[in-house]
Amino acid sequence: MKQIVIIGAGQAGLSCAAKLRADGFEGEITLIGNEKDAPYQRPPLSKAYLLGNLDAERLLLRPLTWYDQHQVDLRTGVAVATIDRAGKAVTLSDGKSLSYDALVLATGAEARPLPEDLLGGRSGVHTIRDRSDIEMMRPELDAAQSVLVIGGGYIGLEMAAVARGLGLGVNVVEAAPALLGRVACRETAAAIAELHEERGVRLHIGQGVTELTGETQVTGARLADGTEISADVVIVGIGAAPRTALAEAAGLDIANGILVDATGRTSDPAIYAAGDCACYRLPDGDLRLESVGNAIDTGEVVAGSILESGAGYTPKPWFWSDQFDLKLQIAGRAQPGDMIVVRISTIGARSHWYYRDGVLAAIDALNSPRAYQVGRKLILDGLTPDPGAIADPHRPIKDIFNETRAALFAR
Amino acid sequence: MITIKFIQPDGSEKLVSAMNGRSLMEAAQGAGVVGIVAECGGSAACATCHVVLPQEVFDRLGAPEEHEEDMLDFADAPRQTCSRLSCQVRVTPDMDGIIVRVPTA
């Protein structure tokens, strides 16, 4: 193993490179990114960075000197054109070609755009994924009075909160019957809806956008029920799709992402995938997560697999979102039909515990870090607290945690 | 330049240059200190940047906010007297030369 090429200079690609070096790999590592920036944090883009509280340099995951010190050949602003699996080489957009012994695809996901017939070539409509997206939108936002957010998911709601914080009028349109429809229970969705309405965000839930208004520059939208909304800027947050085109063109197996086994290996034994683009085929089904934690974990899993020192992938899904003064922390994987147990800690602090077939599967903690930490640990350990105890606000969470663990050892 | 010595979970040491006004986590993460994962990037949402400070530094900083307190209570590495989330600790010039320990989970 002499040459490792990593396509995608995001969190997963960097995590893989760093782990390879930490575990003693001494061969060549090339890290290729199509953005002009070195690997940076994306979560602050829709929060502190947009507000101007964080400059671009502070987004960087490592200072530029780190790459020299660790002999990671970072090539930014370059895309990979093709993968030649037979020749074990990739061709870059600048015409160069690189050989590999192992290739890692960490190509991420891209924001789903509005359908072209709805967009109609209008300007003033933005998706949020890259730093450059924020840079393009910022001057328009500075001049705007009002914003329309299409999509009531995390990105959309965080953007709505930031735009409100900037003093703009904000409408959020969600076509599904609830906010966060794919990922959160009714109780979480309702609490977040209430928070946004309290802060003056106008929510239009269960309403699709039938058309955008404005000739060349967007001026607003018309909804299915005929409501007309005016907006100077439209922000589209309707999910993300894994970037699989390169893998597909190379003939690799694709599912909901680039298909890999529990070691992160694709259908070609010399090619691996990590992060948002990778779909892990596990004993209990396919899993593709979009999160920082998972990008770090899977980047390290792949490094371990390449060096034949790894233990494979154990998913540890967790996620967080900051909206207004709400800190939402989520662990585990919720599914429709889970039984929800509500725990009210104090005013404004509550947690929603998801039980599936009597087993704790997930937790949403709203301004409840202790509940989050306890829920996360119990889920990782495969332990289930008594739902009656969870629902009782007079039972301290620490006692519930200790009792649940003690019950395991008493078995 | 402010230099901070991190003792990593395996006992090895790493000297890190830290910038005044930035967080201790940013300094550690930029240098790749083992055990400082910092998944949430400084939102105090993950507790993967848990460190143990020298007593006098801990005392000087004053009490952590309630959210950080709660995260620390159930951090993966057991909380110690001078535990903090390094993302919530701002680097100041008087931290030059201190020794910060990354606890073992």
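Two strands count as paired if DSSP finds at least two bridges between them. Strands (E, at least two residues) and helices (H or I, at least four) are DSSP runs numbered from the N terminus. By that criterion, β7(A) and strand β20 (residues 271-273) of chain A are joined by 3 bridges and run parallel. The model is predicted: local features need pLDDT of at least 70 and side-chain atom pairs count only at pLDDT 80 or more, while totals for chains, interfaces and linings use all residues. Residues are numbered from 1 along each chain as its sequence is written, chains are lettered from A and ligands numbered from 1 in the order in which they are written, and side-chain values use heavy atoms, leaving out hydrogens and water.

**Strand β7 of chain A**
- From β7 (residues 102-105), A:A102 and A:V104 point one way and A:L103 and A:L105 the other, and all are buried (under 20% relative accessible area, with exposed over 50% and partly exposed in between; 1.4 Å probe, protein chains only).
- Strand β1 (residues 3-7) of chain A runs parallel to β7(A), joined to it by 4 bridges.
- A:I4 is opposite A:A102, and A:L103 is opposite A:I271 in β20(A).

**Aromatic pairs and charges over rings**
- The whole structure holds 6 aromatic pairs over all chains (ring centres of Phe, Tyr and Trp, the last by its six-membered ring, within 6.5 Å; planes under 30 degrees apart are stacked, over 60 edge-to-face, the rest tilted).
- A:W66 and A:Y67 pair edge-to-face, at 5.1 Å centre to centre with 80° between the planes.
- A:W318 and A:Y372 form a tilted pair, at 6.2 Å and 50°; A:W318 lies in strand β23 (residues 318-323) and A:Y372 in helix α10 (residues 369-380) of chain A, 54 residues apart.
- A:W318, A:W320 and A:Y372 make up one aromatic cluster.
- The charged end of A:R62 sits over the ring of A:W66, 5.2 Å from its centre (NZ of Lys or CZ of Arg within 6 Å of the ring centre and within 35 degrees of the ring normal).

**Positive phi in chain B**
- B:A44 has phi near 55°, and B:A47 has phi near 60°.
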